[in-house]
Amino acid sequence: MELSKLAQKKASSESVREFADRMVEVHSKSNQQLLRTGKGLNPDLPRDLDPEHQRVRDELQKASGQRFDIAYISAQIQDHQRTANLLQWHISMGQNEALRKYSMQTLPEVMEHLEHAKQNYAMLTQGAGSVR
């Protein structure tokens with residue numbers, strides 16, 4: 001969610017800024033729901049970004065304009081794909097029924113976000129040449 005908060009400030013494309021706004025809103029609610037679902041399980045939730053996301057944040061902080069937008073959306077595509085894979089694993093292999101139910105409820109929205117991110121990426125890179 002930290003990367004989306006950064007995108008709310010730095011995105012140059014209106015569609016990217018709207019996507020970031022939506023990610024902050026939806027992920028705040030989803031995180032709260034996940035915490036309620038995991039209550040009593042003593043989940044070890046990270047308080048800081050992992051090294052990979054720290055690297056992405058550092059890159060995004062240095063980027064601007066269309067380069068920022070493309071880098072942010074690319075990171076969102078990767079993150080949403082990983083999240084979809086994790087949710088699918090929980091649905092098919094997970095042992096905790098509450099987390100399986102959460103995964104089943106959350107997966108369609110994650111897939112929708114993934115599709116929107118891909119659409120944004122296509123729009124940003126269409127005819128843009130090599131921006132990276």
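Leaving aside neighbours within four places in sequence, which residues is serine 103 in contact with? Hold that question while we look at the whole chain.

This is a predicted model, where local features need pLDDT of at least 70, side-chain atom pairs count only at pLDDT 80 or more, and totals for chains, interfaces and linings use all residues. Residues are numbered from 1 along each chain as its sequence is written, and side-chain values use heavy atoms, with hydrogens and water left out.

Start with the overall build. The chain has 5 helices and 0 strands. Helices (H or I, at least four residues) and strands (E, at least two) are DSSP runs, numbered from the N terminus. Along the sequence, the pattern reads α-α-α-α-α. The C-alpha atoms fill a box of roughly 50 × 25 × 20 Å, taken along the principal axes.

Now look at contacts, meaning heavy atoms within 4.5 Å. Take the contacts in the chain with a separation of 6 or more: residues 24 or more positions apart account for 75% of them.

Next comes burial. Buried means under 20% relative accessible area, exposed means over 50%, and partly exposed lies in between (1.4 Å probe, protein chains only). Of the 132 residues in the chain, 33% are buried.

Serine 103 sits in helix H5, residues 97–125. Why does serine 103 count as buried? Because its relative accessibility is 2%. Here is the answer to the opening question: leaving aside its neighbours within four places in sequence, serine 103 is in contact with Leu87, His90 and Ile91.

Compare another serine. Serine 64 lies in the loop between helix H3 (51–62) and H4. Its relative accessibility is 52%, so serine 64 counts as exposed. Serine 64 and leucine 124 are 60 residues apart in sequence. In space, C-alpha to C-alpha, they are 14 Å apart.

Move on to helix H4, residues 65–93, where methionine 93 is found. Methionine 93 is partly exposed, because its relative accessible area is 48%. Together, Leu86, Trp89 and Met93 make a nonpolar surface patch of about 330 Å². Patches are made of residues with over 30% relative accessible area and no salt bridge; like charges are joined within 9 Å, nonpolar side chains (Val, Leu, Ile, Met, Phe, Trp, Tyr) within 5 Å. A salt bridge is a side-chain nitrogen of Lys or Arg within 4 Å of a carboxyl oxygen of Asp or Glu.

The chain exposes about 8500 Å², and carbon and sulfur atoms supply 50% of it. Accessible areas come from the Shrake-Rupley method with a 1.4 Å probe; for residues, only the protein chains shown count as cover.
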